[in-house]
Amino acid sequence: MSPSGRVRRAVLVAVLALLLAPLAGTAAGADQPSVKLSKSQAGTGSSITVSGDGWRQRALLMILICGQAVPSRGVPGGTNSCANADGRAVTTDSKGRFSRKLPVAEPPVPCPCVVHVATVTGAKAEADAIFQVAGHAVEPLPAETDGGRLSVLTDTRLDGSGGLLTWFGAPPARTLVFTVGNVGTSAVKNPVFQVGTAHGVFAPQWEEQQWRGTIQPGRKARLELPVELTGGAHGEYTVSLKYGGKVLAEQPWDVGRPWGVTLFWILVCLVVPAALFRIGMAVVDRVRPRPAGGIRHRGLRLPELALRLPGLKPSTAAHAATPTSTLPWFTPDADPGAAGGRLSAPHDDSPTSPTTPTREGSP
């Protein structure tokens, strides 16, 4: 290639580099979410405008004012050091931008403070901007410890399944299983973790759990921590693991609906009205008035019926109502009293004997 051609090629490459540099810088900056504030200091009761760029498209974000934090260290105390009640949620647009007004509130811990923006769902991303709450106490940050540090080495998982009691509203329970390694310079003995459960977009409810054991520097350990929800819980939950004020892992948990409770209430709605209807009908049948001179069909005896029949005298009715104990082989014609008290069988001299002829005209 001629020298003039090489010069032209070098110039062309330089021009293309100058043209593509802003685009490359924009693309690189887009990967890092950023936060900007309309004011760096404001008092309680006022509001500021929080805007951001470089976030994911259509991402749900949570904006909070947190204490004891700086952008270089993040929020060591987690959301426990933030004014959660006065936080705001916002969704980014198609370009990953947002703008939202945020009321100024005092965090539960002293400043230095930051405006903390973090994703609620999906891939985790967060950014902080320095902010001063006017009139709020300011104290030095706690010193960082250079001892043992734990890091999650494997993906977390939830072991276990629901049973019959869970189907009827018992608290769902699982076991959070993960492997951690000590990347620090000293041993970690009996570490205390924080396990949080969050439903939907709500902030997690943290519970401290201590693991008994020692993890030496450069070693790893497999940990199992129990996780339990409230009775009747169902829907999409997120289990978070935090150690040393930093969230180490998050695990989604889809909890099924306790259909046994629904079936129970359906049966209650069917059985209770039917029982009340039967009781009401029994009460109505008991208290309704009887017609005058009517005959009660329940519990009516034959003597009472005979006494109430018209046209019968009391004595006759009483005689008719008295049961007889006549044996079946005694008839009125063969009554023992008509034969003069003789109880023997008929003899030959009986006037009715078939062997004795009867003469005409004889007495």
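This is a predicted model: local features need pLDDT of at least 70, side-chain atom pairs count only at pLDDT 80 or more; totals for chains, interfaces and linings use all residues.
**Entry 1: Terms and model**

Residues are numbered from 1 along each chain as its sequence is written, and side-chain values use heavy atoms, without hydrogens and water.

**Entry 2: The three-stranded sheet**

I looked up which strands form the open sheet and in what order. There are three, in the order S1-S3-S6, and the pairing is antiparallel; two strands count as paired if DSSP finds at least two bridges between them. S1 (34–37) and S6 (98–103) each have a single partner strand, so they stand at the edges, with one side of each left without a neighbour in the sheet. I then followed the pairing of S1 with S3 (residues 47–53), which is antiparallel over four bridges. Within S3, Val-50 is the residue opposite Leu-37.

**Entry 3: Salt bridges**

I asked how many salt bridges there are. The count is four, taking a salt bridge as a side-chain nitrogen of Lys or Arg within 4 Å of a carboxyl oxygen of Asp or Glu. I wrote down some of them.

Asp-53 and Arg-97 meet through their side chains at 3.8 Å, N to O. Asp-53 lies in S3 and Arg-97 in the loop between S5 (88–91) and S6; they are 44 residues apart, and the pair links distant parts of the chain.

Glu-224 bridges to Arg-222 at 2.7 Å, N to O. Glu-224 is partly exposed at 42%, and Arg-222 is partly exposed at 48%.

Arg-288 is joined to Asp-285, with 3.1 Å between the closest N and O atoms. The values here are 46% for Arg-288, partly exposed, and 26% for Asp-285, partly exposed.

**Entry 4: Strand S7**

I asked how many residues of S7 (residues 113–119) are buried. The figure is seven of seven, so the strand is largely enclosed by the rest of the structure. Cys-113, Val-115, Val-117 and Thr-119 are buried on one side, and Val-114, His-116 and Ala-118 on the other, so that both faces are covered. In a regular strand, side chains alternate between the two faces of the sheet.

I listed the pairings of S7 with S4 and S8. S4 (residues 60–67) pairs with S7 in the antiparallel sense over seven bridges, and Leu-61 has Thr-119 as its bridge partner. S8 (residues 126–134) is joined to S7 by six bridges, again antiparallel, and Glu-126 in S8 stands opposite Ala-118. The S7 and S8 hairpin has six residues between the strands, and there Gly-122 takes a positive phi near 80°.

**Entry 5: The cavity**

On a 1 Å grid over the protein atoms alone, a cavity is where a 1.4 Å probe fits but cannot get out; a pocket is an open set with protein on both sides within 12 Å along at least five of seven lines, and lining residues have an atom within 4 Å of a point. The largest cavity has a volume of about 30 Å³, a volume being the space filled by probe spheres set on grid points joined across faces, edges and corners. Its lining includes Ile-63, Asp-86, Leu-102 and Ala-105. S4 and S6 each supply at least two lining residues, and S4 has the largest share, with three. By class, the lining is seven nonpolar, one polar and one charged; Ala, Val, Leu, Ile, Met, Phe, Trp, Tyr, Cys and Pro count as nonpolar, Asp, Glu, Lys and Arg as charged, and the others, Gly among them, as polar.

**Entry 6: The largest pocket**

I noted about 1,100 Å³ of space in the largest pocket. Its lining has 45 residues, and Thr-79, Ala-118, Thr-119, Val-120 and Glu-250 are the closest to the centre. The elements giving two or more residues are S4, S5, S7, S8, S17 (235–243) and S18 (246–255). I asked which element gives the most to this lining. S18 does, with six residues. The lining divides into 21 nonpolar, 14 polar and ten charged residues.

Note on methods
Buried means under 20% relative accessible area, exposed over 50%, partly exposed in between (1.4 Å probe, protein chains only).
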